[in-house]
Amino acid sequence: MDKDIVTDYGNMYHAYKKARSGKKFHGSTARFSNIALDGINTLKKQLEGQAYTVDPYNEFEICEPKRRLIESCTFKDKVVQHTLCDNILHPKLKNAFIKYNSAGQVGKGTLYALDGLKSHMESFYSRHGTNGWILKCDIRHFFYEIDHEILKDIVDYFFPDPYTAWINHTLIDSRENPGLPLGNQAGQVYALLMVHPVDCMITGELGITEYGRYADDFYLIHQDNEYLKWCLECIREMLKTLGLELNGKTQIIPFRKGMRYLGFHHYMTADGKYIRKLTGENKRKNKKKFRKLVKDVKAGKLTEEKFYEKYNSWKNHALHGNCIKLVHSMDLYIEELMKEVTE
């Protein structure tokens, strides 16, 4: 029974430790941790009696990579989502998704998606050279436009158990319809499921072998431009039934020009070498970002340790591409900027 798995004390305690890991002890985390055993027992009783409700979300805005509203749940709700995702959702969906439906899954992060595109471009080149086309799609306001009733029908198909359906519906409806809260662990899984029918149509009925999706961003590679135009219409129709639509960035691009995906420009050279480079926009944005962060360090608003944590995160991401020269020049740029702090 799914109920026994979700409310198992061992599973809940393990979920509590995962939710607590790496978190600073403040707010709801500190309050729950002070009475951890009692807190887990109370939560267990609420879940067993289906009396559990989601607390109001904490809202804040982020500006990178673009402006988004994040709705963060309280600590006790993180515990519930960990025990549900780790023991029910992820295990049952492990073999349901297509291979390159990435994001929000263990072992399937940004690098996995990038390497998937590399594999697809090299595979396509081996058969057709640079003579082909890429349909690049982006779903409009994805997380904010998801219709709860449509989503619940899809989720219920994969999780028909009445207890799991109750807890799924509780989490989905914890935000006003439409939309899912960004930053919610369970929300990431629901978002993957929302577009799963499109994945199945593209790889099944449409027969596209070079296809990958990272959340709301996906691509199809094919040798025939007209066929991709027809695929685009099929995708629009399928998304319409899901209450979603593509945005203005959707386009068909010659394969030889490559494509932008997850912050990098990807292309194959005429002699068959795959290249992955950061876009010019990414370079400009990050120079501006680090200049501002150095000012924060100088003003005492940010520690040097925190600054280098942020910089090294970008650096590690950049090194996933052919960006050694760029990283070296950025190291020198950061070195110059940090002199302002020590002088």
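The expected span of a helix is taken as 1.5 Å times one less than its number of residues. In the predicted model, helix α2 (residues 9-20) comprises 12 residues, and the distance from its first C-alpha to its last is 16 Å, close to the 16 Å expected at 1.5 Å a residue. Buried positions in α2 are Met12, Ala15, Tyr16 and Ala19. These cover an arc of only 105° around the axis, which places them on the same side of α2. An α-helix has 3.6 residues a turn, so residues three or four places apart point the same way.

Helix α6 (residues 110-128) was examined in the same terms. With 19 residues at 1.5 Å a residue, α6 should span 27 Å, and the 27 Å between its end C-alpha atoms agrees with this. Buried residues of α6 are Ala113, Leu114, Gly116, Leu117, His120, Met121 and Phe124. Viewed down the axis of α6, the buried residues fall within an arc of 155°, so they line one face of the helix. The residue that follows α6 is Gly129, which has a positive phi, near 65°.

Helix packing is considered next. Two packed helices are described by the angle between their axes and the distance between the axes. For helix α5 (residues 75-93) and helix α10 (residues 185-194), the axes come within 9 Å and cross at roughly 25°. Because angles under 35 degrees count as roughly parallel, α5 is classed as roughly parallel to α10. The crossing of α5 past α10 is left-handed.

Strand β5 (residues 210-214) pairs with strand β3 and with strand β6. Strand β3 (residues 101-102) runs parallel to β5 and is joined to it by 2 bridges. Asn101 has Arg213 of β5 as its bridge partner. With strand β6 (residues 217-222), β5 pairs in the antiparallel sense over 5 bridges. In this pairing, Tyr214 stands opposite Asp217 in β6. The hairpin of β5 and β6 has 2 residues between the strands, and Ala215 there takes a positive phi near 60°.

Strand β5 is mostly covered, with 4 of its 5 residues buried. Arg213, which is found in β5, has a relative accessible area of 0% and is therefore buried, the cut-off being under 20%. Arg213 also lies 6.2 Å from Ser102, C-alpha to C-alpha, although 111 residues separate the two in sequence.

A further set of strands forms an open sheet of 3 strands in the order β8-β9-β10, with antiparallel pairing. Strands β8 (259-261) and β10 (274-278) stand at the edges; each has a single partner strand, so one side of each is left without a neighbour in the sheet. From one strand to the next, the twist averages 30°. Between strand β9 (residues 264-268) and β10, which run antiparallel, there are 5 bridges. Met268 stands opposite Tyr274 in β10.

Notes. Residues numbered from 1 in each chain as written. Predicted model: local features only at pLDDT ≥ 70, side-chain atom pairs only at ≥ 80, totals over all residues. Heavy atoms only, no water. Buried < 20%, exposed > 50% of the residue type's maximum accessible area, 1.4 Å probe, protein only. Arc of directions from axis to C-beta. Pairing = 2+ DSSP bridges. Axes fitted to C-alpha atoms, helices over the stretch in contact; angles between N-to-C directions. Parallel < 35°, antiparallel > 145°, perpendicular 65-115°, else oblique. Left-handed = near helix turned anticlockwise from the far one by under 90°.
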